[in-house]
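Reader: Please take one part of this model and walk me through it closely. I would like to follow the pairing of strands first, and then the charged contacts.

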Amino acid sequence: MKAARIAPLAGAAALVGAGVWWRTHPSACPYSQRFWVDAPHPFITRSRLREALEPSDGERLLEVGPGTGYYTLPVADWLGENGVLEILDLQQEMLDHTARAAHERGLGNVVATEGDARSLPYGENQFDGAFLVAALGEIPDQDAALRELARVIKADGRLVVGELFGDPHWVRLAALKQRAQRAGFRFERRVGGPLGYFGRFRLS
């Protein structure tokens, strides 16, 4: 009887311990566990991203941490043939997966680059805007990533950050606002509710 009571407690403690470890050791979702990024995102939907990002035909946008292209493919479609969507990820496997999916959809405006968000391989003032969905918290130095985004986004360009409650690397909107402000962004609005949001910022 005593062992039966201890087992559930031990399991709960293990889950809490894993959660704490994930929070204190941010890292990208490995390609072998891509089913997590392939799953539906009911609170941070593609339509909500479109509302927050407001992509226009012909723009050049940057997505950091595209995973397997859950948001990449629709955004590339919204940009049209004259637009360009650059995607950056630490894992070449994720980039290859997304590039194949874009090719299969007939999207020729997706450009993939392997790299680190803390040191973006782009020149200054290159993008009309950028977005990250459930990716900022996976970056060990979020402040550095936001400074780099401010460097490569054009003056008055916008940044959209999506976060999902329950993600081990969830970034609270209040904390995001503070970090973004330090990097030179001003908060414009929130799209979504308490279980998932997109925060839209403008480069000051």
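Author: This is a predicted model. Start inside the sheet. Ile-87 stands opposite Ala-112, a residue of strand β3. The chain gets from β2 to β3 by way of helix α5, residues 92-104, and this β-α-β crossover is right-handed. β2 and β3 run parallel, joined by five bridges. Strand β3 covers residues 110-114.

Now look at the other partner of β2. Strand β1, residues 60-64, pairs with β2 in the parallel sense, over five bridges. Arg-60 has Val-84 as its bridge partner in β2. Between these two strands comes helix α4, residues 72-79, and β1, α4 and β2 make a right-handed β-α-β unit.

How covered is strand β2? Mostly: of the six residues in β2, residues 84-89, five are buried. As a general point, side chains in a regular strand alternate between the two faces of the sheet.

Helix α5 deserves a stop. Glu-93 is found in this helix. Glu-93 and Glu-114 are 21 residues apart along the chain, and their C-alpha atoms are separated by 9.6 Å.

Next, the charged contacts. Side chains of opposite charge can pair when their charged atoms come close. The count comes to eleven salt bridges, with a side-chain nitrogen of Lys or Arg required to lie within 4 Å of a carboxyl oxygen of Asp or Glu. Three of these pairs follow.

Take Arg-200 and Glu-54. They form a salt bridge, and the closest N and O atoms are 3.0 Å apart. This pair links distant parts of the chain, 146 residues apart. Arg-200 lies in strand β7, residues 196-203, while Glu-54 sits in the loop between α3 and β1. Which partner is buried? Arg-200 is, because its relative accessible area is 3%. Glu-54 counts as partly exposed, since its relative accessibility is 43%.

A second pair joins two helices. Arg-182 forms a salt bridge with Asp-143, with 2.9 Å between the closest N and O atoms. Arg-182 belongs to helix α7, residues 173-183, and Asp-143 to helix α6, residues 142-152. They are 39 residues apart, so this pair too links distant parts of the chain. Arg-182 is exposed, because its relative accessible area is 57%. Asp-143, at 22% relative accessibility, counts as partly exposed.

Glu-188 forms a salt bridge with Arg-202, and the closest N and O atoms are 3.2 Å apart. At 31% relative accessibility, Glu-188 counts as partly exposed. Arg-202 counts as buried, because its relative accessibility is 16%. Salt bridges with shared partners bring Glu-54, Glu-188, Arg-189, Arg-200 and Arg-202 into one network.

Arg-200, from β7, reaches Glu-54 in the loop between α3 and β1.

Conventions. Residues are numbered from 1 along each chain as its sequence is written. This is a predicted model: local features need pLDDT of at least 70, side-chain atom pairs count only at pLDDT 80 or more; totals for chains, interfaces and linings use all residues. Side-chain values use heavy atoms; hydrogens and water are left out. Buried means under 20% relative accessible area, exposed over 50%, partly exposed in between (1.4 Å probe, protein chains only). Helices (H or I, at least four residues) and strands (E, at least two) are DSSP runs, numbered from the N terminus. Two strands pair if DSSP finds at least two bridges between them. A crossover is right-handed if, with the strands pointing away from the viewer, the path from the first strand over the helix to the second runs clockwise.
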